[in-house]
Amino acid sequence: FTPGQEQYWQIKKHHADCIIAFKMGKFYELFEEDALIGHRELDLNFMGKGAPHAGFPEAALPKYAQKLVELGYKVGVVEQMETPEQLAERNKSAPKGKKDKAVRRELCSVITKGTAFHRDDQATYLLGVTEDVATRTLGVAFLDAATGHFHVGQ
């Protein structure tokens, strides 16, 4: 594997239920089964030879992620957390033989039907209610997905 592929698989193994949109420069890349889904559902073209690989420009993320979510998929968005220049600077202080060859990337968000793409005129909320019959008590949890505010009560 390339250093970037190693990063991808480290993230994918913990989020196998997500289609991983993996940031590489100005593009998001899909690999393996995710690329097959992107090709089938989004009409993305395959790139290169070998294992399935597809991608799209960073500006197209909202459109493609929304379509995948509407089709019932979860989308994990992996972002670059540093520039190549920052990587070079970080590597200056790394011990010999421990220099990274790829910029640091992290899973920054998981987009689902409950958290997907808010419009200014449409808030998205999630409400959970449970009842304890023995004590005649209701438990309530309320999430404003647009702002991330979470409230609980009983």
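In helix H1 (residues 3-12), the buried residues are Gly4, Gln7, Tyr8, Ile11 and Lys12, where buried denotes under 20% relative accessible area, exposed over 50% and partly exposed the range in between, computed with a 1.4 Å probe on protein chains only. Because these residues cover an arc of only 130 degrees around the axis, they lie on the same side of H1; the arc is that of the directions from the helix axis to the C-beta atoms. The model is predicted: local features need pLDDT of at least 70 and side-chain atom pairs count only at pLDDT 80 or more, while totals for chains, interfaces and linings use all residues. Residues are numbered from 1 along each chain as its sequence is written, and side-chain values use heavy atoms, with hydrogens and water left out.

**Helix packing**

- The buried residues of H1 pack against E1, E2, helix H2 (32-42), strand E4 (74-80) and strand E5 (105-111); contact means heavy atoms within 4.5 Å.
- Helices (H or I, at least four residues) and strands (E, at least two) are DSSP runs, numbered from the N terminus.
- H2 lies across E1, E2 and E3, and runs at about 110 degrees to E2.
- Axes are lines fitted to C-alpha atoms, for helices over the stretch in contact, and angles run from 0 to 180 degrees between N-to-C directions.

**The sheet**

- Five strands, in the order E3-E2-E1-E4-E5, form an open sheet with mixed pairing; two strands pair if DSSP finds at least two bridges between them.
- Strand E3 (53-57) and E5 are the edge strands, each pairing on one side only.
- From one strand to the next, the twist averages 30 degrees.
- H1 packs on this sheet, where it touches E1, E2, E4 and E5, and its direction makes about 150 degrees with that of E1.
- E4 and E5 run antiparallel and are joined by 6 bridges.
- Gly76 has Val110, in E5, as its bridge partner.

**Two individual residues**

- Lys26 is located in the loop between strand E1 (18-24) and strand E2 (27-31).
- Lys26 counts as exposed because its relative accessible area is 58%.
- Apart from neighbours within four places in sequence, Lys26 is in contact with Pro57 and Glu58.
- Lys26 and Pro57 are 31 residues apart along the chain, yet their C-alpha atoms are separated by 6.2 Å.
- Asp144 belongs to strand E7 (residues 137-144).
- With a relative accessibility of 14%, Asp144 is buried.
- Apart from neighbours within four places in sequence, Asp144 is in contact with Thr124, Tyr125 and His149.
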